[in-house]
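The exercises below are meant to be worked through with the sequence and the structure in view. Each task is followed by a solution in steps.

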Amino acid sequence: LEDGSKMQEMREHRDRFERRVLELVPEAVVNAPQDPDHRVWNTSNIGFPGLESELLLLMLSERGVCASAGSACSSGSLEPSPVLLAMGVEPRVAHGSLRFSICRDTDPGCLEEAAQTVAACVHQLSGNLPV
């Protein structure tokens, strides 16, 4: 937190990861306020409309991508995040939303691989295999 340059670097990694996921999965939605100053610099929450986050999490975990759905205190719940709903996120997006965290040691190459893995899993679950 004391190193503003590290925070900026992680923010850039987060934004690059989000852009890449949106390129690969155009129907995905970044659940965030419009004002970038009101975002946590190392966290991304992306919704995949019509999918269930728990199933997507299982697939990602099998492929080595760590993510979470909802807060730790709601672990095991199949209900969409009340925070996302309070933000105005549609229930069909909130049900399929995942949180990704970036740390100071995150390798940008791993983020590209993670984005591709996320896209492959989403396409497989939605029955839309990439061209």
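## Exercise 1: The surroundings of Asn-45

Leaving aside residues up to four places away in sequence, Asn-45 touches Val-29, Val-30, Asn-31, Leu-84, Ser-97, Leu-98 and Arg-99. The model in which these contacts are found is a predicted one.

**Task.** Determine in which strand Asn-45 lies, whether Asn-45 counts as buried or exposed, and which residue is its bridge partner in S3.

**Solution.** 

Step 1. Asn-45 belongs to strand S2.

Step 2. The relative accessibility of Asn-45 is 17%. Buried means under 20% relative accessible area, so Asn-45 counts as buried.

Step 3. Arg-99 in S3 is the bridge partner of Asn-45, and Arg-99 is also among the residues that Asn-45 touches.

Step 4. The side chains of Asn-45 and Asn-31 are joined by a polar contact of 2.7 Å.

## Exercise 2: The sheet

**Task.** State in what order the strands form the sheet and which strands are at its edges.

**Solution.** 

Step 1. The 3 strands are arranged in the order S1-S2-S3, forming an open sheet with antiparallel pairing. S1 and S3 are the edge strands, each of which pairs on one side only.

Step 2. S1 and S2 run antiparallel and are joined by 2 bridges. Within this pair, Val-30 has Ile-46 in S2 as its bridge partner.

Step 3. S2 and S3 also pair in the antiparallel sense, over 5 bridges. Here Thr-43 has Ser-101 in S3 as its bridge partner.

Step 4. Helix H1 packs on the sheet and touches S1, S2 and S3; the direction of H1 makes about 15 degrees with that of S2.

Step 5. Of the 5 residues of S2, 4 are buried, so S2 is largely enclosed by the rest of the structure.

## Exercise 3: Met-10 and Asn-42

**Task.** Work out which residues Met-10 touches and which residues Asn-42 touches, not counting those up to four places away in sequence.

**Solution.** 

Step 1. Met-10 is found in helix H1 and is buried, with a relative accessible area of 7%.

Step 2. With residues up to four places away in sequence left out, Met-10 touches Trp-41, Asn-42, Ile-102, Cys-103 and Arg-104. Although Met-10 and Arg-104 are 94 residues apart along the chain, their C-alpha atoms are separated by 6.7 Å.

Step 3. Asn-42 has its place in the loop between S1 and S2. Asn-42 is buried too, with a relative accessible area of 18%.

Step 4. A polar contact of 3.0 Å joins its side chain to that of Thr-43.

## Exercise 4: Helix H2

**Task.** Find which residues of H2 are buried and what they pack against.

**Solution.** 

Step 1. In H2 (residues 53–62), the buried residues are Ser-53, Leu-56, Leu-57, Met-59 and Leu-60. Seen down the axis of H2, they fall within an arc of 165 degrees, so they line one face of the helix.

Step 2. These buried residues of H2 pack against S3 and H5.

Step 3. Leu-58, Ser-61 and Glu-62 are exposed on the other side of H2.

Step 4. Just after H2, Gly-64 takes a positive phi of about 85 degrees.

Notes: Residues numbered from 1 in each chain as written. Predicted model: local features only at pLDDT ≥ 70, side-chain atom pairs only at ≥ 80, totals over all residues. Heavy atoms only, no water. Buried < 20%, exposed > 50% of the residue type's maximum accessible area, 1.4 Å probe, protein only. Polar contact = N/O pair within 3.5 Å; in protein donor to acceptor, adjacent residues only side chain to side chain. Contact = heavy atoms within 4.5 Å. Pairing = 2+ DSSP bridges. Axes fitted to C-alpha atoms, helices over the stretch in contact; angles between N-to-C directions. Arc of directions from axis to C-beta.
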